[in-house]
Amino acid sequence: MTVSDSKRLFHEKFPYVIPGLYKRIVDEILVELNLLNHQNEFTQEYLFCIGLTETFKELMKGYQPNKHLDLLFESLCSSTNFEAKEINEISQKSQKEFKNKTSNDILKLLIEKSNSKLYPSRILNLAIYILISSAQDLKEKEESGRNKIISDIFEKLNLSANKAEKDIGIYKSSISKMEQAKELIEELKTKDKKKEQK
């Protein structure tokens, strides 16, 4: 199934207009899922599920109408041969296991659970980043200390710390760009309202 097949399927399942701000993100997720679906070594394991559900939630914050989000996620998954309900269930269950742990405990658990060779992808890197970021001992640490621990963990999992750093950097900057864009849109709306009231 080509990317354009996936896109066609996606638009059949999700017949609504996607606001410009979110369009690029939806496109990127669709392309990425399509690519992963074609990799023989790729398996849908718990980290992929966490990465996909959590980055989707984070990048889609503020999407209107909010009630379309579930269908949007389902359409993204089903148009690329993934099962949204299953991914959500695995993600929630797995995140509970990592809750309220230190970065060391999280690393131990990651090593224990990653029995097969992890297939490196942006979604996988972001899942690990999201799990480590919630570690109890990292909340008080400064950013440089946090980043060092995060890179060490990637190396211990035999994943490229450089690639992870790049993926995490792009993800963080996407989130802050989204925030800025949303603020700008709100400001413009307020200005328009004031004009109308004059």
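This is a predicted model: local features need pLDDT of at least 70, side-chain atom pairs count only at pLDDT 80 or more; totals for chains, interfaces and linings use all residues.
Begin by colouring the protein by pLDDT, where the mean is 91 and 99% of the residues reach 70 or more. Select helix 4, where confidence is highest at a mean of 97, and then helix 8, where it is lowest at a mean of 87.

Next, turn to the largest nonpolar core, which has 58 residues, and show the side chains of Leu47, Phe48, Leu52, Met60, Leu72, Leu110 and Ile128, the residues with the most contacts inside this core. Two or more core residues come from each of helix 2 (20-37), helix 3 (46-59), helix 4 (69-78), helix 5 (84-98), helix 6 (103-113), helix 7 (122-133), helix 8 (143-156) and helix 9 (161-197). Of these, helix 7 gives the largest share of the core, 9 residues.

Finally, move to the largest pocket, whose volume is about 260 Å³. Select Phe56, Lys57, Asp70, Phe73 and Asn88, which lie nearest the pocket's centre among the 15 residues that line it. Helix 3, helix 4 and helix 5 are the elements that each give two or more residues to this lining, and the largest share, 6 residues, comes from helix 5. Colouring the lining by class separates 5 nonpolar, 5 polar and 5 charged residues.

Conventions. Residues are numbered from 1 along each chain as its sequence is written. Side-chain values use heavy atoms; hydrogens and water are left out. A nonpolar core is a set of buried Ala, Val, Leu, Ile, Met, Phe, Trp, Tyr and Cys residues joined through side-chain atoms within 4.5 Å. Buried means under 20% relative accessible area, exposed over 50%, partly exposed in between (1.4 Å probe, protein chains only). Helices (H or I, at least four residues) and strands (E, at least two) are DSSP runs, numbered from the N terminus. On a 1 Å grid over the protein atoms alone, a cavity is a set of points where a 1.4 Å probe fits but cannot get out, and a pocket is an open set with protein on both sides within 12 Å along at least five of seven lines; lining residues have an atom within 4 Å of a point. Grid points are joined across faces, edges and corners, and a volume is the space filled by probe spheres set on the points. Ala, Val, Leu, Ile, Met, Phe, Trp, Tyr, Cys and Pro count as nonpolar, Asp, Glu, Lys and Arg as charged, and the others, Gly among them, as polar. pLDDT is the predictor's confidence in each residue, from 0 to 100.
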